[in-house]
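Thank you all for coming; I would like to walk you through one complex this morning, slowly and with some care about what can be said. Please have a look at it first, and then we will go through it piece by piece.

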Amino acid sequence: MNWRLFVGAALLLSACSSTVPHNTGVYLLVDTSGSYNRQVSKAEQIILFALSRLQPLDSFAVARIDTASFSEKNIIAKATFDDRPSTANQQKRAFASRVQKFVDESKAASYTDITGGLLQAIEFLNEKKPGRKEILIFSDMKEELDKGYVRNMPLDFKGFEVVALNVTKLRSDNFDPREYLSRLEAWRVKVEKGGGRWRVVNDLDRLDGLL
Amino acid sequence: MFMTSLLTITPWPVLSAAILLVLLIAALYLARHTAHQAIHAVTSALARGFRLASHSVAHAEERLAARNREVLLAAGRDAKERMVEREFARIADTTRKDLSSYPDMHRRLSEAIIRIEEDQEKAVEVPPEAPGWAKAVEVIAKLDARNAGAEILADIHKSMVKAHAEAMVDYRKASGERHGLLRKMMPDWRLIQETLGRVNKSVASVIERSLVIDRHMQDYETIVHGEDRALSVLSSSSLVHFFVSMLVLGVATAGAAVNFTLIARPMAEMVGGTNFIGVFRTADIAALVIIMVEISMGLFLMESLRITRLFPVIGALSDKMRVRMIGITFAILLLMASIEAGLAYMREVLLQDELATNALLRSDSTGALVNAHLWITTMAQMGMGFILPFALVFAAIPLETFVHSLRTVLGLMGIGVLRALALILRVLGNGLRHLGTLAERIYDLPLFVPLWIEARLAAAHALPPAIEDESLQEVRP
């Protein structure tokens, strides 16, 4: 009789406990192509900001955008923070030091494979199954693919929020701003067509609403 | 639409309206008696219903008041019994304490008195010897011998002076001894005075206690007799107890909240910081459970010490079992307090770790600096973590008072609500009766013309027989 009561109570408790994940998964793509590589130090600022905002059980990965971005090798650092706050703090410190090393040693890439990076981000976050999925792209959003790379495919952004950060204007954009606007519009359409939400944040001093 | 068609029964709408009005009034006049009966029946039925409900509520209020009275008197009786019991226990303590030392005190007093008696006997003044030379001097002075008497007298004088000197020395010596003996009596007198003072104090204390018991017994008698004065005193004191205990429980709740803050963060290290049960974090629930267990242990401890009487089962336990229970609950409390102190320390460590991490992430070098006086806050947190569980133990006392006074307060509130409800129902019942009369009058209002005619006709019918009578009287001789 007693064990039945115990099992009943355990079942009740397990029924009460929430199965919906409350954690967040963040994938940050950092553009290292051409002149944008000089902006990497700014990316570090965003990474540290994200680290300070993320909680235990949240997942975070930082990956580089270069010629071929659809690869695990492009991931600079990744972590799923531990349930215990003290361990999570240690992980954050280790993460920050790896990012610091990347910033110090970053080299400019010849091409910009943003779509490949996005594919990798979708794959990573879908595997982690967080409650909220966020892809941050630190780039000028100008995609330049090397010969032989096929990226003309639809992307599934269902449940994702894609945020373009620090989208700088290129020299050509200054000549014709329509280029810049059409570039951002094209990305917005691509993300929203895939079922995601699109946002642009250019003022890095106003990151409060980011995570 | 319907009205428009009604107004077209004649070519002239005004005439149609007039005809319709006359018809309506006629219909109303014909249905007047039945309508009045219907209005009267409805309003009377409703009024009776409300009056019945009012009686029922008033009866319920009386029953509740009687029950509340019983509860109050029982609580008052219980409280007075406890007070009298406590006073008797105090008297018993005082008597036991004094009576246990009574033989010793009696012996010391007797010894002191004997010593004083002996010393007093010794100190009695010895009367000086009567001078024997006076008659001899007189006889010699009367002798008729030449100069022979003078020599003898001179010798006698010499001997007398010598004897006087010796007597004076003896007297001084004896006086000195007597004074010494009297001085020796002083400590014994003091001892007697002190002992009797103590006895006086004990007796005064017993008398004082007995007066208090008398007062309590008088109150008890008034309660037993169920006098209104006792009831009103108990009722008002119950209200006071309710509000005071509520205030103290509020303070205890604030203490529990501080306690919760101290242990909620480090609990995340033990049970995880992101697990949820329902909408609450598991760490928060765990911290709350610890505090609740502490409060429960405090309740059991107070019950075992017989300070509170919320659980009759614990109060009815044998003394041996109670002592065991005191030991066990105190040990658990001590363990909990130690755990809390540890968790409070852990909280500070975690806080510093988090601050250091955040400083690193903000690239702020000043955040990583360690405050030299940090140990003070750490120690304060640990101290609070250790003391608060024991402080929460005392919440059992106001809790008991709150629970007991809550019954009375709820009863008083219930009486108030029922009384107000009964009044409202009674007012509604009476109001409906008057409303029926008013409705009848309003019904009659458009019928004033036929009613006036009816009254005139009735008056006309009533007059002829009277005239006939008068004419008959006139004809008669």
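Let me begin inside the protein, and please keep in mind throughout that this is a predicted model. The largest nonpolar core has 44 residues, and those with the most contacts inside it are A:Tyr27, A:Leu28, A:Leu29, A:Ile47, A:Leu136, A:Ile137 and A:Phe138. Helix α2 of chain A, residues 40-53, provides the largest share of this core, with six residues. Apart from this core lies another, of 32 residues, and among them are B:Leu262, B:Ala287, B:Met297 and B:Ala396.

To take one residue as an example, what does A:Phe138 touch, leaving aside residues up to four places away in sequence? Its partners are A:Leu28, A:Leu29, A:Val30, A:Asp31, A:Ala43, A:Ile46, A:Leu165 and A:Asn166.

Stepping back to chain A as a whole, we find six helices and six strands, which follow one another along the sequence as α-β-α-β-β-α-α-β-β-α-α-β. Of the 211 residues in chain A, 36% count as buried, and among its contacts between residues at least 6 apart in sequence, 80% join residues at least 24 apart.

Helix α4 of chain A, residues 114-128, deserves a moment. Its 15 residues should span 21 Å at 1.5 Å a residue, and because its end C-alpha atoms are 21 Å apart, the two values agree. The buried residues of α4(A), including A:Leu118, A:Ile122 and A:Leu125, pack against β1 (24-31), β2 (59-65), β3 (75-80), β4 (132-138) and β5 (160-165) of chain A. Just after α4(A), A:Lys129 takes a positive phi of about 50°.

Turning to where the chains meet, the contact takes 20 residues from chain A and 17 residues from chain B. On the side of chain B that touches chain A, at least two residues each come from α7 (228-271), β1 (276-277) and α10 (319-361) of chain B, with α10(B) giving the most, seven residues. Sorted by class, that side of chain B has six nonpolar, seven polar and four charged residues.

Finally, a word on confidence. Chain B has a mean pLDDT of 85, with 91% of its residues at 70 or more; within chain B, confidence is lowest in helix α5 (residues 133-142), at a mean of 70, and highest in helix α8 (residues 282-304), at 93. For the complex, the predictor gives an ipTM of 0.72 and a pTM of 0.63.

Definitions and conventions:
Residues are numbered from 1 along each chain as its sequence is written. Chains are lettered from A and ligands numbered from 1 in the order in which they are written. This is a predicted model: local features need pLDDT of at least 70, side-chain atom pairs count only at pLDDT 80 or more; totals for chains, interfaces and linings use all residues. Two residues are in contact if their C-beta atoms, placed from the backbone, lie within 7 Å. Helices (H or I, at least four residues) and strands (E, at least two) are DSSP runs, numbered from the N terminus. Ala, Val, Leu, Ile, Met, Phe, Trp, Tyr, Cys and Pro count as nonpolar, Asp, Glu, Lys and Arg as charged, and the others, Gly among them, as polar. A residue is buried if 20 or more other C-beta atoms lie within 10 Å of its own, exposed if 12 or fewer, and partly exposed in between; C-beta atoms are placed from the backbone. A nonpolar core is a set of buried Ala, Val, Leu, Ile, Met, Phe, Trp, Tyr and Cys residues joined through C-beta atoms within 7 Å. pLDDT is the predictor's confidence in each residue, from 0 to 100. The expected span of a helix is 1.5 Å times one less than its number of residues.
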